[in-house]
Amino acid sequence: MKIDEFRPIAEKLFAEIRALSFDGVGISRDSYGDKESATADYLSAFAEENGLQTWRDRAANLRIGFPDTPADSPVIWCGSHIDSVPQGGNFDGLAGVTAGLLCLLAQQRSGRRSPLPLQVIGLRGEESAWFGKAYMGSSALLGKLDAEDLALRRRGNGETLGEAMQRVGADIDAIREQQRLFDPQKVRAFLELHIEQGPVMEARKLPVAVVSGIRGNIRHGRMQCLGEAGHSGTIPRWLRRDAVFAVSDLIMRLDGHWSDLLERGTDLVVTVGMLSTDAAEHAASRIPGQVTFSFEARSKSLDTLEAFYQLMRAECAAITRERQVRFEFDRRILSSPATMDTALSDLLLKVCASQNIPCELIPSGAGHDSAMFANAGIPSTMLFVRNQHGSHNPEEAMDLDDFMLGAAALDQAIHEIR
């Protein structure tokens with residue numbers, strides 16, 4: 001059977017999972033929360049109704065495969081994450097799990113199995129929006145969550161990551177001991193289909209693209225600048241300890257450094273995604289004594305990330321002296337960049353060419369679980385599907401025609417991996 005025959009199933013899955021995870025504005029599949037669990041349960045029930053086997057691994061990720069796959073057999077993993085950001089879109093992550101499930105169904109109904117058994121993985125906790133850390137499900141599998149990670153608290157209810165993972169059935173003792181929860185040698189390849197989360201493919205009129213590498217990031221989810229509050233009319237500039245002007249000064253200095261680095265050809269993006277004074281005390285006539293903000297830098301180069309981070313800290317020190325404020329930092333979180341497996345990426349490019357699908361090799365500015373597996377030595381690659389209106393918002397607009405082209409390319413590639 002050709003995978004395009006499964007288009008009605010894809011439509012059904014996307015529509016019904018959207019309905020169960022709609023929050024009134026967008027999609028909120030909370031990491032280790034009710035909506036993410038409901039999505040995993042829905043996918044599990046659908047797969048079992050169609051004769052597939054499902055289980056939760058020791059990190060509570062969803063796994064789907066054939067019942068007769070030997071336990072010690074090398075396998076191909078195909079999938080993505082099932083959580084979303086708050087008020088996000090329906091296709092971020094879910095498209096990759098759905099594509100893998102279609103590939104399994106195509107093998108089952110045609111009777112034509114891939115040389116290496118295929119397993120679909122629906123990873124939990126990829127988004128950093130809920131606990132301040134990304135790649136939680138894949139990190140747990142790889143023994144990469146430490147005590148500080150497990151102590152991170154969820155936005156909203158304050159539950160720790162460790163408590164949340166234990167509640168959904170993860171082997172929290174093994175995770176706390178940083179055990180690897182699977183044998184990486186048994187996973188011959190990890191393939192992830194994902195929507196592009198920027199405008200490049202739409203601008204280039206590419207329905208699909210193969211990912212060359214994934215930017216890493218370095219961030220603080222919560223930084224504070226502490227100055228001194230005062231009356232806006234009575235304190236002259238030279239006596240002020242204004243936290244807003246200090247943070248504004250920092251941001252503009254960082255923007256200047258960023259611009260200089262871009263002129264030299266350095267790969268870098270810098271973002272201050274959260275910035276606020278205290279709503280309980282701020283006023284038009286009050287000099288702000290406290291500002292809370294975030295910092296993030298992304299690059300394909302770990303050296304660039306570290307150098308820019310140290311530059312940021314140096315500017316904080318300089319502004320501390322000049323404006324008589326101080327900066328406080330929460331835990332620094334680093335996600336390393338990753339390069340995709342050349343042989344697998346070349347295979348996807350070849351498959352797209354054989355199916356007359358317009359395709360190019362592009363980097364990923366956003367992070368993905370593929371980076372974790374690639375950096376752990378598992379051959380990994382990604383296939384992007386064009387998506388309008390960006391991502392991490394309710395307006396994600398992946399065209400189902402593009403998705404089915406991506407699923408078809410994925411299906412053929414899986415049959416060619418030995």
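These notebook entries record what I looked up on nonpolar cores, aromatic pairs and charges over rings.

**Basis.** I worked from a predicted model, in which local features need pLDDT of at least 70 and side-chain atom pairs count only at pLDDT 80 or more, while totals for chains, interfaces and linings use all residues. Residues are numbered from 1 along each chain as its sequence is written, and side-chain values use heavy atoms, with hydrogens and water left out.

**Nonpolar cores.** I looked up the cores, a core being a set of buried Ala, Val, Leu, Ile, Met, Phe, Trp, Tyr and Cys residues joined through side-chain atoms within 4.5 Å. Buried means under 20% relative accessible area, exposed over 50%, and partly exposed in between, with a 1.4 Å probe and protein chains only. The largest nonpolar core holds 58 residues, and F14, L43 and F403 touch the most other members. Helix α3 (residues 94-110) gives the most to this core, with ten residues; helices (H or I, at least four residues) and strands (E, at least two) are DSSP runs numbered from the N terminus. Apart from this core I noted another, of 31 residues, including A60, V75, M165 and L181.

I then listed the contacts of F403, contact meaning heavy atoms within 4.5 Å. Leaving aside residues up to four places away in sequence, F403 touches A10, F14, A95, T98, A99, L102, L193, V385 and M398.

**Aromatic pairs.** I searched the whole structure and found eight aromatic pairs. Rings of Phe, Tyr and Trp (its six-membered ring) pair if their centres lie within 6.5 Å; planes under 30 degrees apart count as stacked, over 60 as edge-to-face and the rest as tilted.

The pair of W77 and F373 is edge-to-face, because the ring centres are 5.8 Å apart and the planes stand at 75°. W77 lies in strand β3 (residues 75-81) and F373 in helix α12 (residues 369-375), so this pair ties together parts 296 residues apart in sequence. W77 is buried at 1% relative accessible area, and F373 is buried at 0%. I also recorded that W77, F182, F190 and F373 form one aromatic cluster.

F295 and F308 form a stacked pair, 6.4 Å centre to centre with 10° between the planes. F295 belongs to strand β12 (residues 290-299) and F308 to helix α10 (residues 302-323), so the parts tied together are 13 residues apart in sequence. F295 is buried at 2% relative accessibility, and F308 is buried at 2%.

**Charges over rings.** I counted a charge as over a ring if NZ of Lys or CZ of Arg is within 6 Å of the ring centre and within 35 degrees of the ring normal. The charged end of R113 sits over the ring of F66, 3.7 Å from its centre. The charged end of R332 sits over the ring of Y309, 4.6 Å from its centre.
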